[in-house]
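Reader: Hi, I'm new to this one and would like to go through it with you. Could you put it up first?
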Amino acid sequence: MQLNERQKDALTELINIAFSRTAASLSELTGHRVVLDVPNVEIYPVSELTARLAGFLPAELASVHQVFTGTLTGDALLLLNYEGAVMLTNLLTDDALFSQRLNESAREVLTEVGNILLNACLGVFGNMLEVRVSFSVPRLHLETLGSLVKSLIIDKEELRYALVIYTAFRLRDSSISGFLVIALSVVSLDRLIQEIEAWEDRQGEYDGGKQSN
Amino acid sequence: MLNEAALRWMNDLSAQGIIITDAELKVLVWNHWLEVRSTHLAADMIGRGLLDVYPELVERGLDKYYKDALAGQVRMLSHRLHIYLLPMSSPEASTSYPLMQQSARIAPLIEGDRVIGTITVIDDVTERAEYEDQLVRLLARERNARKEAETANRTKDEFLATVSHELRTPLNAISGWVQILRKKEFDPAFIANGLEIIERNVKIQVKIIEDILDVSRIVTGKLSLNVTTVDLGPIIEAALESVRLAADAKGIKISRTLDARAGSVSGDPGRLQQVIWNLVSNAIKFTPKGGAIDVRLSRVDSQAEIRVSDNGKGISPEFLPYVFERFRQADSTSARQHSGLGLGLAIVRHLVEMHGGTVHASSEGEGKGATFIVRIPFTAVRVMKESSRQAEQRKGNAEGSQVIERDGSPADDAAQLSGLRLLIVDDEPDAREMLQVMLGQYGIQVKTSASVQEALELLERWKPDVLISDVGMPNEDGYALILRVRALGHDRGGNIPAIALTGYSRLEDRSQLLAAGYQMHLSKPVELARLVNAIMSLSGRAEGEYYSSVE
């Protein structure tokens, strides 16, 4: 399955809205200016995720995982490599002494950051696309990309696709890159694309033309 | 919908704070855990709006979290980003965390399709936060310690390289000149010159080794002082006398102003002379040809102040704080211009501090000279009785002779030592022969022995006045010898004064040797004057009583 340019632009715009809300929340929360880079969206079958991302996430990674149900059903994940996760939590918490590992408090911070980002994205889908989504409690996992992808495939017979959104958190002169992954069934993805097109059409009516980023 | 019995148990048993509200955020459940830790009882809370009771939730933007929950989202509150949800006290509260540290989760209560309220779960993470802080601090400290250890290690490596270099330099001169002198017959003046160079380099090397041993004693806390009342004036004169040649060689003029009122301090004369010698030698080393050094002794309040200034190289402000550190030299590169181990000033500081004094360095910067100031407190009481030997030294000092070293000529001493019987025990033929030749010129009768057994036989038969023995020997060593000698008893010569002469010069070796029965310990290589001194005092032919602490 491929997204055409128009669909991709619309999806990128929606995620952009979610990212700027997330950046605003994190900035307010930490007192530091946090910027999330304009995302780059790709779509792959879930089974290809390992091959596509292994270069970026070679070793242990930290993921915040939130299941969502409703009109759209799937898994939303924030993926960071372990060092990136440590760095991000250190930068956000402004502790005088930086930790070298993800202790329990750091894992909580990461879970909250993932929670804010994932909720923002799913929330934007819900509000903008006028679909209903329920959220589960976010969970943090430390594992390899291979075992994470396996857990997304297991027990799911239908073919699933993943929206892979590459992004980078920028704060305090540092940049930590990661991926937002939204895994959806074909049915949910179809529904999402339909809703996006409908939203795009509505935008066109309101603005009298196509919006640019 | 909510099971009353389940709710009651959640209320009573939960080890977390639980708040349940309706869709207007009015409190439905405020559990026992919260009653104990907050200032509110369930009876006060139920039916009231959560944001009304805690308006600070709105001020801190946390009302949004509740709005999100009412919109169906789960929200996490991490401890590090929020510190707490509601102000509460904790049984784990401490000085670093007087308030309860919390993490919390706020979730929608969903019935069918509708959000009918919120549920908040609060954890007390005070103890964990404290533990994590400690761990992070501990790890940071360990990392710093490791970094420091690495630096120290590197400094030591550099020091070792310097030591090898410094030891090799005099050795080169010695071995070179020995080869030259061996080649063919030279005129006496040439030979004398060669021997002088050899002697000078031996002294340099001995000094290097003494410095290393001093530092080793400082590090192990085994440096001790032989304290008496000391007049600093003569000590300074003696130190200046011993560096005069080095100063003359560079055309450096040393001026001195010694205030007689500076009085006496209580201290170790040898060590105090070492302090001054080190400071003045240091000044000579870093002062260019034709420079000037000024030494002043004065009285400042209740302290004697010794000030050594030069107009030499000076010290850069960056290096100034480190001048008294071990193994430190401003320039530790192999191409550095100044020889030396970088131990002298570290030894100075330690010795001065052992005397209850202070040492301080100042410099206007590079090329602008340096000043070292030593302050040592005066003695409150003068030592009542002086030995005649000390009195003689004090007299001698006025004329510029050294304090510890006797300055007698062989001719003077020969008269005193003539006819003395000396037994030398050493397994090394060269060492035996050297001592025999050296001491023979004083008129001492010397017999030598290569083994303990032979020595014991000679002792009984020949009845020597003094015994000198090496310690490390094959089969029976110097310890075995002295034990067997002392076991002989008075009539068979068991009380003979004995000197241990060894290459082992650490303090613990010395105390072991003295404990085993030797009266004195001298380390190799020994200077003739020192050895003669020792023999004179042990044989009772010196004027004063013998002093067992000279090394």
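Reader: Which residues of α8(B) meet α9(B)?
Author: This is a predicted model, and in it the residues of α8(B) that meet α9(B) include B:V163, B:L167, B:I174, B:W177 and B:L181, while the α9(B) side of the contact has B:I191, B:I198, B:V202 and B:I212 among its residues.

Reader: How do the residues of that contact divide by class?
Author: The contact of α8(B) with α9(B) has 17 nonpolar residues, together with three polar and one charged.

Reader: And at what angle do the two helices pack?
Author: Helix α8 (residues 126–183) and helix α9 (residues 188–220) of chain B pack at an angle of about 160°, and their axes are 9 Å apart. They are therefore roughly antiparallel to each other, and α8(B) passes α9(B) in a left-handed crossing.

Reader: Switching topic, what is the strand order in the open sheet of chain B?
Author: Its five strands come in the order β14-β13-β15-β16-β17, with parallel pairing, and the edge strands are β14 (445–449) and β17 (520–523), each of which pairs on one side only.

Reader: Which strands does α15 lie across?
Author: Helix α15 (residues 429–440) of chain B lies across β13, β14 and β15, running at about 175° to β14(B), whereas helix α17 (residues 478–487) of chain B packs on the sheet by touching β13, β15 and β16.

Reader: Last one: how many residues of chain A are in contact with chain B?
Author: There are 23 residues of chain A in contact with 22 residues of chain B, and α4(A) gives the most to the chain A side, with nine residues.

Notes: Residues are numbered from 1 along each chain as its sequence is written. Chains are lettered from A and ligands numbered from 1 in the order in which they are written. This is a predicted model: local features need pLDDT of at least 70, side-chain atom pairs count only at pLDDT 80 or more; totals for chains, interfaces and linings use all residues. Two residues are in contact if their C-beta atoms, placed from the backbone, lie within 7 Å. Helices (H or I, at least four residues) and strands (E, at least two) are DSSP runs, numbered from the N terminus. Axes are lines fitted to C-alpha atoms, for helices over the stretch in contact, and angles run from 0 to 180 degrees between N-to-C directions. Angles under 35 degrees count as roughly parallel, over 145 as roughly antiparallel, 65 to 115 as roughly perpendicular and the rest as oblique. A crossing is left-handed if the near helix is turned anticlockwise from the far one by less than a right angle, and right-handed if clockwise. Ala, Val, Leu, Ile, Met, Phe, Trp, Tyr, Cys and Pro count as nonpolar, Asp, Glu, Lys and Arg as charged, and the others, Gly among them, as polar. Two strands pair if DSSP finds at least two bridges between them.
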